[in-house]
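The entries follow in the order in which I made them.

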Amino acid sequence: MAATTATTPRPTKRSIPWTVLPFAAILVALLLIAILAPLVAPMDPNTQNLLARLKAPGFQARGMTYFLGSDELGRDVLSRLIYGARVSLLVAFASVTLSGIFGTVVGMIAAFYRGWTETLIMRLVDIVLSVPAILLAIITVAVLGPSFANVVIVLSMTRWPRYARVAYGQTLSVANMPYVRLSRFMGAGWLRLLSRHILPNIAGALIVVATLEFGLMVLFEAGLSFLGLGVQPPTASWGAMLATGRNYVATAWWIATFPGLALFLLVLSINLIGDHIRDRLDPRGR
Amino acid sequence: MQAGRILGLPPKPETEFPVPAFFLKRIFQAFIAILGVVTLIFFLQRMTGDPVLLLVPQNATREDIEAMRSALGFDRPLITQYWDYLSGILLLDFGRSYVQNEPVWTLIASRLPYTLMLAGGALTVAFGLGIPLGVTMAVRRGRAEAKAMMGLVLAGQSMPTFWSAILMIMVFAVWLGWLPPSGARDWQSLIMPSIVLGLLSMATFARVSRTAVLDELEKDYVRTGRAKGLPMLRIVMRHLLRNAAIPVVTVAALEIANLLAGAVIVETVFAWPGLGQLTVQAISARDFMLVQGVVLLGATTAIVLNLIADILYSLIDPRIRMEGSA
């Protein structure tokens with residue numbers, strides 16, 4: 001059963017092109033750094049040293065080197081950068097998972113049941129999508145109070161329609177395929193139909209959405225932290241580091257430059273890989 | 001179709017040109033969306049707890065608080081407050097900012113011109129860079145320069161605005177001293193914020209115009225032009241761009257909404273006195289009436305622009321209508 005695919009297999013190159021490879025390496029490296037943060041970071045990210053405030057990269061104190069300089073409280077920028085990767089990736093991962101699962105289930109249900117369920121869900125999708133997500137996120141976090149959980153909930157709340165729309169469209173096109181009808185006639189329940197027969201066939205398109213959304217979530221999280229609406233200090237986050245760095249552009253360029261660079265590389269890598277996966281799954285381009 | 005039924009209009013046969021029904025349906029949907037946003041904002045605000053406690057001085061007595069509560073109307077049933085809020089909005093009455101002690105609409109109106117200026121500047125940058133990039137990428141498809149440009153577009157898309165903003169301040173204001181780092185003193189202050197905000201939409205315009213031009217390049221008139229010996233540049237400028245402009249214009253409507261949302265961060269970095277900065281100041285002062293007013297305005301603008309984009313597109317390309325009403 002599992003071997004029956006809906007589309008005819010087309011020949012694909014299995015190698016990753018050289019333009020994508022270095023960015024895949026960057027992504028893997030950032031993931032490893034985030035997971036192994038306590039082992040990789042040279043110092044504790046929250047230890048302050050008021051004698052080593054705003055020192056340039058390469059500054060040495062107490063036998064320690066501040067490779068990327070120190071911030072306004074004398075904390076090591078490199079260590080905060082490493083711990084900040086955790087926040088970025090964790091928030092993005094959690095909100096993509098949450099919104100992805102919710103949106104997929106809702107979208108599949110809309111396509112499967114049709115009728116008023118479909119109308120209700122898909123109109124709600126249209127409505128949520130027509131409001132800029134960052135505005136909704138700003139007001140909701142401002143009201144509920146900034147915290148890790150609230151940021152994840154708000155980001156998921158505003159982004160699930162993207163998955164719902166794709167899951168809906170894909171399910172509609174798969175639901176009438178002969179193999180789905182056949183298993184329906186053979187008495188398969190709706191849960192089995194959706195999970196065993198439809199989901200595996202629409203997963204590809206959803207993965208593409210999830211990849212591109214992941215990059216967006218990283219940017220949203222950083223944006224909220226930048227506005228002071230993200231994970232709260234002293235927890236290191238790239239957006240908050242950038243906000244601090246903005247106040248010291250004239251005197252300490254390194255505080256804003258490195259978290260921004262990290263953010264840029266992370267998002268660029270994700271977008272490139274997402275584009276690559278999309279081209280691979282649908283060579284005609286959309 | 002459905003909106004027609006709700007409004008009591010007779011159902012039209014499917015074969016007839018279903019323009020009014022589609023438009024009515026979309027307008028009705030936009031109206032519901034705006035109502036949904038208003039409701040969400042209203043109840044979110046009431047969920048935070050007692051707004052009166054934020055307004056009274058620290059040493060206020062219980063009687064003072066109660067007096068304030070009834071003076072501001074917070075002692076009435078929630079549904080009455082909601083109804084008043086809704087009917088006020090219809091008359092552009094967004095309530096009063098209790099922190100700044102001014103009508104919300106006055107505060108918004110004083111900042112609106114700055115945000116419009118910034119959005120205009122950003123849109124100019126986005127169009128001016130994005131369209132030539134997109135057209136070149138399509139015409140030179142597969143060549144090295146097109147690939148390099150695609151890289152540029154991807155980089156622009158992945159660049160967080162708050163970082164590019166800080167980098168520009170560092171280079172052009174602090175090191176070179178060419179441009180003012182922040183504020184809104186003269187026209188030069190507008191340059192950096194416009195570029196930063198525009199770069200994000202530039203990527204979208206480049207991608208859309210690339211796809212649009214690629215679609216047009218396959219058409220017969222382009223081949224005829226080539227066969228006649230016309231130079232490619234002339235074909236593109238005289239014939240192709242007009243046809244490819246349709247999807248680009250529609251996307252422009254949607255991008256304006258994104259620009260307004262992006263302005264929140266860009267205005268904060270550059271201390272540009274527009275609506276975005278007002279929002280951030282209102283959030284930190286816990287001035288919820290004001291936050292609610294700005295977000296409502298932003299969301300409504302976005303929904304209306306969405307509606308315009310849809311209607312524009314359906315006028316130009318009737319197939320969209322069929323999909324929409326299926």
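Entry 1, the interface. I took the predicted model and looked up which residues of the two chains touch: 40 residues of chain B are in contact with 33 residues of chain A. On the side of chain B that touches chain A, the elements giving two or more residues are α2 (19-47), α7 (144-158), α8 (161-175), α11 (232-270), α12 (275-284) and α13 (288-316) of chain B. I noted that α2(B) gives the most, with nine residues. By residue class, this side of chain B has 29 nonpolar and eleven polar residues, and no charged ones. For the complex, the predictor gives an ipTM of 0.76 and a pTM of 0.81.

α7(B) has 15 residues and reaches 21 Å from its first C-alpha to its last, close to the 21 Å expected at 1.5 Å a residue. Which residues of α7(B) are buried? I found Val153(B), Gly156(B), Gln157(B) and Ser158(B). I then looked up what covers these buried residues: the cover includes α8 (190-226) and α10 (253-281) from chain A, and α6 (104-139) and α9 (191-217) from chain B.

I count 14 helices and two strands in the secondary structure of chain B. Of the 326 residues in chain B, 38% are buried. Among contacts in chain B with a separation of 6 or more, 71% join residues 24 or more positions apart.

I looked at strand β1 (residues 96-97) of chain B, where Arg96(B) lies. Is Arg96(B) buried or partly exposed? Arg96(B) is partly exposed, because 18 other C-beta atoms lie within 10 Å, and a buried residue needs 20 or more. Leaving out residues up to four places away in sequence, Arg96(B) touches Pro103(B), Val104(B) and Met289(B). Met289(B) is 193 residues away along the chain, yet the C-alpha atoms of Arg96(B) and Met289(B) are separated by 6.6 Å.

I read a mean pLDDT of 78 for chain B, with 87% of its residues at 70 or more. Among the elements of chain B, α6(B) has the highest mean pLDDT (89), and helix α1 (residues 2-6) the lowest (44). pLDDT stays under 50 over residues 1-17 of chain B, where the model has 16 contacts beyond four places in sequence. Residues 322-326 of chain B also stay under 50, with four such contacts.

I looked up UniProt, where an unreviewed entry places "transmembrane region" at residues 20-41, 89-113, 133-155, 202-231 and 251-274 of chain A. Residues 202-231 of chain A are 83% helix and 0% strand, with end C-alpha atoms 34 Å apart. For residues 251-274 of chain A I got 92% helix, 0% strand and 38 Å between the end C-alpha atoms. The unreviewed entry also has the annotation "domain: ABC transmembrane type-1" over residues 85-274 of chain A. That span is 85% helix and 0% strand, and its end C-alpha atoms lie 20 Å apart.

Entry 7, helix α6 of chain A. I checked residues 148-175, a helix of 28 residues that reaches 38 Å from its first C-alpha to its last, close to the 40 Å expected at 1.5 Å a residue. I found a kink of about 40 degrees at Thr158(A) in α6(A), shortly before the proline Pro161(A).

Definitions and conventions: Residues are numbered from 1 along each chain as its sequence is written. Chains are lettered from A and ligands numbered from 1 in the order in which they are written. This is a predicted model: local features need pLDDT of at least 70, side-chain atom pairs count only at pLDDT 80 or more; totals for chains, interfaces and linings use all residues. UniProt positions are given in the numbering used here, feature names are shortened, and annotations may be inferred rather than shown by experiment. Helices (H or I, at least four residues) and strands (E, at least two) are DSSP runs, numbered from the N terminus. Two residues are in contact if their C-beta atoms, placed from the backbone, lie within 7 Å. Ala, Val, Leu, Ile, Met, Phe, Trp, Tyr, Cys and Pro count as nonpolar, Asp, Glu, Lys and Arg as charged, and the others, Gly among them, as polar. A residue is buried if 20 or more other C-beta atoms lie within 10 Å of its own, exposed if 12 or fewer, and partly exposed in between; C-beta atoms are placed from the backbone. The expected span of a helix is 1.5 Å times one less than its number of residues. The bend at a residue is the angle between axes fitted to the seven residues ending there and the seven starting there. pLDDT is the predictor's confidence in each residue, from 0 to 100.
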